[in-house]
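Here are some notes to read alongside the structure, taken one point at a time. Please keep the sequence open as you go through them.

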Amino acid sequence: MLRRSHIGSPYNHDMRFETRNAEDVHKDALAAALAEHERVRAIALRAYELNELREAQERLRLQALQEEERVRIETERAKEECRLREIENKKKQIPVPAPRVKTPPPRAPSPPPPAVQAPAAPAPAAQAPKPQVPAAQKLTAQPNNQLPKPTSKPTSPADQTPPQKAPQPQQSSVTTVQPPSKEQTKPAPTQLAPSASKKPPHILADVDRYTEIHQSLKKLRATIVNEGKQNLPFKKKTGEMRRAIRTSMGQLTGEKGSNKQPMAKIVAVLKESFQVGSPGVDPSIFMVSKPGPSQQDVRNNGDELPMLFIYLLNQFAKAVVAQFVDEAGVSPKAAEPIGIVVASIFSNPELGWRGHSLIDILMAKMRVACPVLWGIRGSERTEEGRARLGWKKDDEGNWIPEQVHVTRMTGLGAGYAAISLRDFSKSRNENPWPPWHYWRAMASITSTPPSEASSTQYVVLKSMVENYEQRFLGFYGNAALAALRIALVDFPGRAVERSAASSALAVLADKLKRDKGLDLMS
Amino acid sequence: MAASPNPAGSLEDRISKPNAATDATAQSISAWEADAAAPAEAKDDQSGAADAQVDGATDAAGGSALHEPQYAVEVKLSDLQADANSPLYSIGSFEELGINPQILKGMYAMNFKKPSKIQERALPLLLSSPPTNMIAQSQSGTGKTAAFVITILSRLDYTKPKSPQALCLAPSRELARQIEGVIRSIGQFVDGLTIQAAVPGAVERNAKVESMVVVGTPGTVLDLIKRRQFDTSEMKVLCLDEADNMLDQQGLGEQCLRVKNALRNVEQILLFSATFPDAVMRYAQQFSPGANEIRLKRDELTVSGIKQMYMDCPSDEGKYETLAQLYGLMTIGSSIIFVKTKESASRIAARLSQDGHKVVAIHGGFEGADRDGIIEDFRQGRAKVLITTNVLARGIDVQSVSMVINYDIPMKGASDSQPDPETYLHRIGRTGRFGRVGVSISFVFDRKSFQALSEIAKHYNIDLVRLDQNDWDKTEEIVKNVIKSSRAGTNLKA
């Protein structure tokens, strides 16, 4: 702020004012000039920095493109070599038809090792050969493989996510199966990061931890179900509570103030679980990191929480995800009230532990349902790719139809935005899932090289942005504008082949221009 | 693989084209069962693929991909085509159909991704020149409206923004309004498009109808023509939605015919519906002569996405308690409850509101504009439960409806003595739109209602899953399995 003397503005030259040449006036003028100078300088600096960033970004993009191109060429070369090798193999095998033997069933001449075999490596690496295990080597069982090893490239975009379905649950979580409160011999790791360091940068931290939490929740659910088999009143009670939560979730609407009744009901059911007797469980099994006991006087500061409470939070999370998928998938605006309820429940200190939110329970579900939000990539043309993208299978093991998958992803994308773009500036409670998560998810999707981008990502990105652009701009201002340009113009513009999904993203930019006057093109 | 149906060839087999020169009215009707007969790809064993993933050394992954040494297992053809019997299954893309980019853009904005079967089959015929008539039947929620809207938008002469060129008729104002909305959405990026509704109260007296596309109810449109507010000289396309319903009803059918006769220069007459009873079909063929036809067999009429169940209720009064419990059994977006009388509609509405639901009720007792408002509340999700008498059984498409309840079984005839399968089909068709899973639950409580529902089930050859209100945990489990299952509660053949 400007220092102001009692004399008033130095620019108010009033000839009648005797002190107009006083020192104070002079100092004021100097101060004002200095402030102005600082302001202009700050603006210039910011502009300079922004420009630097842009240039850096552009450099990175170019680098990425070059890298891609290199990887592509190398892949092609490797493929070509594979093919050559195969032909050679075939050639070797041609002249060895088995002598005609009549009796045994015709046994075909041992076929050449087919080239389609999946690599032993978990990741498909469709575009780029794996650094350590050149896939080509796996293809033929030839010992004298002369294939040049693709130079290992740490920056390779090859997706190195380990298969998600089978992360070994930590032993600590196994203990949850033992129903009654056995002492939790192994406390959950404070911060789990076994393979995190090896991950490519676009995959967000904690992905594996979330799959573990998801597994632990499954075990907890089984425990409750088993308990119910022996204890019928308990079963009836949990069933009623579960259905009450689901009913309330289905009642939410976008009207202001209309969700009080269902909200209150959900809170009431969750709180009631503290009254119904159930064994305790260490909540850190269901969190990414374990908080120590709070020094302040907060609720639930002990070592355990009732198992039934965690179970119901899990049911709540399931209901949230299901409602995103089933309702917000077709009418994305329905995600908004659900997001509000999520923020409210998971920021409620009475429903947390040691002053920390238990939202990781929900995020474990979101992580499994919509992996691309965590930076995971995959090709929709491959089995593994689809599995990685969270494409579900039906009860007969067939992939669910594309339309259904797209609807799911639309709902989950909108849902993630509804959870992460909440304004807590007027709340006493802490935001359980602040907006930077949204930024991070968007960044991890838009940084996908064109050759690896999938329709799933375009769909999720579109529904994350649609109806939320205002909120996003509110949080991040000009940075959000730049991000939107990348998300709606640059990213779909780079798409290798125009698809309905990438086109829809681009059309959203047109819609924003037409409806909101937000011009991202210029 | 050899069994794979060749789309170009099979189109010929399946859809009849009028033999213009010799016999303009003769058509060979063909149904989609030909598709069903084409064996879906021999289910390539997925387990093989899964093994191959785990063990790089198996050679079970099949030789067909031998020339493509990809490092990951490609999604099997059998998976991509697994739902070849589904009315939503398609192989093409909208881009391939040669649709105007401005129209395409609107479709992208509406999250359309690929054409459904009816769209893929019908659009090439609808868009071909010279314009040919069409009678098209397809299951509820499979994209009929979009098909004729795309046709209409493609036929317009955009240099004549003030001349009505296409007319779309619907049996109710709600449906007309809805179609108007779809045209606006699909046409949102089409420059110079003008659209107008012609439903009671929408057009001022003495005002001219000056939009390229007009959507209305037959009575209002006929009045406008008679009063010379509606110039029909440039009219090129006439489309009847829920055509069987309109042609079948004395008054409506008569009005439709008179509207048609007033359109001297019409080039293309389109009739669309999910149902076409045989008697109506003959009339339809006169109405739209020489039409291409796309038809369904009776037991193909329901969509597999709709899981049909029924609830055994202790008594007529006991139905309410049961109803309230249903909302906890599964994830529900919006829901529609069909009842017989206005009185029970109001009663149920009051009780559900007390339980925290946002409810609206609509029946014949409401005036036009009120009805528009109520439907809009429901469509926008401000209310999530709609209670209605038969008024709304047909055509209304609110995407998020995931449950339809037949609180009373639909009946017809003198003093409701006969079960009404057509109405049942249109009612449950309010859910499971465009390939999504929807649930329909019909309430029975006595011999008569049970009997009526059984007859309807027999009519369509469907297996209804029985639910029980004694053990909700168990019922929840059953519902969960039915929703998950790709077959239960439907007539989808293996």
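1. Please bear in mind throughout that this is a predicted model.

2. Which residues of α18(B) are buried? They are B:Trp472, B:Thr475, B:Val479 and B:Val482, and because they cover an arc of only 80° around the axis, they lie on the same side of α18(B). As a general point, an α-helix has 3.6 residues a turn, so residues three or four places apart point the same way.

3. The cover over the buried residues of α18(B) includes α5 (232–251) of chain A, and from chain B it includes β8 (306–312), α13 (319–329) and β16 (465–468).

4. Turning to chain B as a whole, the domain assignment gives domain 1 (46–80), domain 2 (100–299) and domain 3 (306–484). The centres of domain 2 and domain 3 of chain B, taken over C-alpha atoms, are separated by 29 Å, and 20 residues of domain 2 are in contact with 19 residues of domain 3. On the domain 2 side of this contact, the largest share, five residues, comes from helix α8 (residues 173–186) of chain B.

5. Chain A, for its part, has 15 helices and two strands, and of its 522 residues 43% count as buried.

Notes
Residues are numbered from 1 along each chain as its sequence is written. Chains are lettered from A and ligands numbered from 1 in the order in which they are written. This is a predicted model: local features need pLDDT of at least 70, side-chain atom pairs count only at pLDDT 80 or more; totals for chains, interfaces and linings use all residues. A residue is buried if 20 or more other C-beta atoms lie within 10 Å of its own, exposed if 12 or fewer, and partly exposed in between; C-beta atoms are placed from the backbone. Helices (H or I, at least four residues) and strands (E, at least two) are DSSP runs, numbered from the N terminus. The arc is that of the directions from the helix axis to the C-beta atoms. Two residues are in contact if their C-beta atoms, placed from the backbone, lie within 7 Å. Domain bounds come from an automatic or database domain assignment.
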